[in-house]
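Biologist: Please show me the model, and then let me ask what stands behind the words used for it.

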Amino acid sequence: MSDKLRVSVLTEKILDSGAKIPLPESVHSYQFINGELDDGFIIDNTVSDTQVTPVAIDISQFTGINAVLIRGSYVDADPVNGISSGDPAKIQVRFNGTGIWMELEELNLLGFTPTQIEIKVQGTKKIKVGRTISAT
C-alpha cells in the first residue's frame with residue numbers, strides 16, 4: 001500500500017450578474033512516493049522586484065512527477081483594500097523559461113511536468129507561494 005495525494009477541484013461559472021453556477025467536482029488521486037507537501041516561500045516585492053527577476057523553482061530533481069499544485073496567498077492583511085491574511089492572491093507563472101506568462105491564483109498541473117517554473121507577482125504586497133509536488 002502506498003500513500004496517495006487526492007486533488008479535489010471545485011469549479012464555478014461566474015456570470016456577469018455575480019451569480020455562480022457550480023460545475024461538477026473533479027477528484028483525482030495520485031501515487032505519492034516522493035515530493036513536497038505544502039512547501040513554499042514568500043515573495044516580497046518591496047525587497048526584490050520579481051517583475052524584473054522572477055523566482056525560479058527547479059523541479060527536475062523529482063522523477064515521475066504526476067501532479068504539481070501551486071497557489072498564491074496574501075501574507076499580510078490590508079483592511080483598506082478588503083484583503084485578509086491568507087486570501088488568494090494573483091501570481092504569474094511560465095514554464096521552462098519560455099512561453100507566455102499566465103496570471104492565476106491557483107494552478108494544478110496534473111500530468112504536465114515542466115523542469116522549471118518561474119513565478120512573479122505585481123505590486124508591492126507580500127505573497128506566499130505554496131507548492132505541493134507529487135512524484136512516484
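**Pocket, sheet and a serine**

Modeller: With 3 residues, S7 gives the most to the lining of the largest pocket. Bear in mind that this is a predicted model.

Biologist: Why does Ser134 count as buried?

Modeller: Buried means under 20% relative accessible area. Ser134 has 0% relative accessibility, so Ser134 counts as buried. Ser134 lies in strand S12 (residues 126–135).

Biologist: What makes the pair of Ser134 and Gln31 a polar contact?

Modeller: A polar atom of the Ser134 side chain lies 3.3 Å from the backbone oxygen of Gln31. The cut-off is 3.5 Å, so the pair is within it. Leaving aside neighbours within four places in sequence, Ser134 is also in contact with other residues, including Leu5, Tyr30, Phe32 and Gly64.

Biologist: How do you know that S8 and S9 pair?

Modeller: Pairing needs at least two bridges. Strand S8 (residues 91–95) is joined to S9 by 4 bridges, so the two pair, and they run antiparallel. Val93 has Met102 in S9 as its bridge partner.

Biologist: Why do S6 and S9 stand at the edges of the sheet?

Modeller: The open sheet of 4 strands has the order S6-S11-S8-S9, with antiparallel pairing. Strand S6 (55–58) and strand S9 (98–104) each have a single partner strand, so one side of each is without a neighbour in the sheet. From one strand to the next, the twist averages 25 degrees.

Methods: Residues numbered from 1 in each chain as written. Predicted model: local features only at pLDDT ≥ 70, side-chain atom pairs only at ≥ 80, totals over all residues. Heavy atoms only, no water. Buried < 20%, exposed > 50% of the residue type's maximum accessible area, 1.4 Å probe, protein only. Polar contact = N/O pair within 3.5 Å; in protein donor to acceptor, adjacent residues only side chain to side chain. Contact = heavy atoms within 4.5 Å. Axes fitted to C-alpha atoms, helices over the stretch in contact; angles between N-to-C directions.
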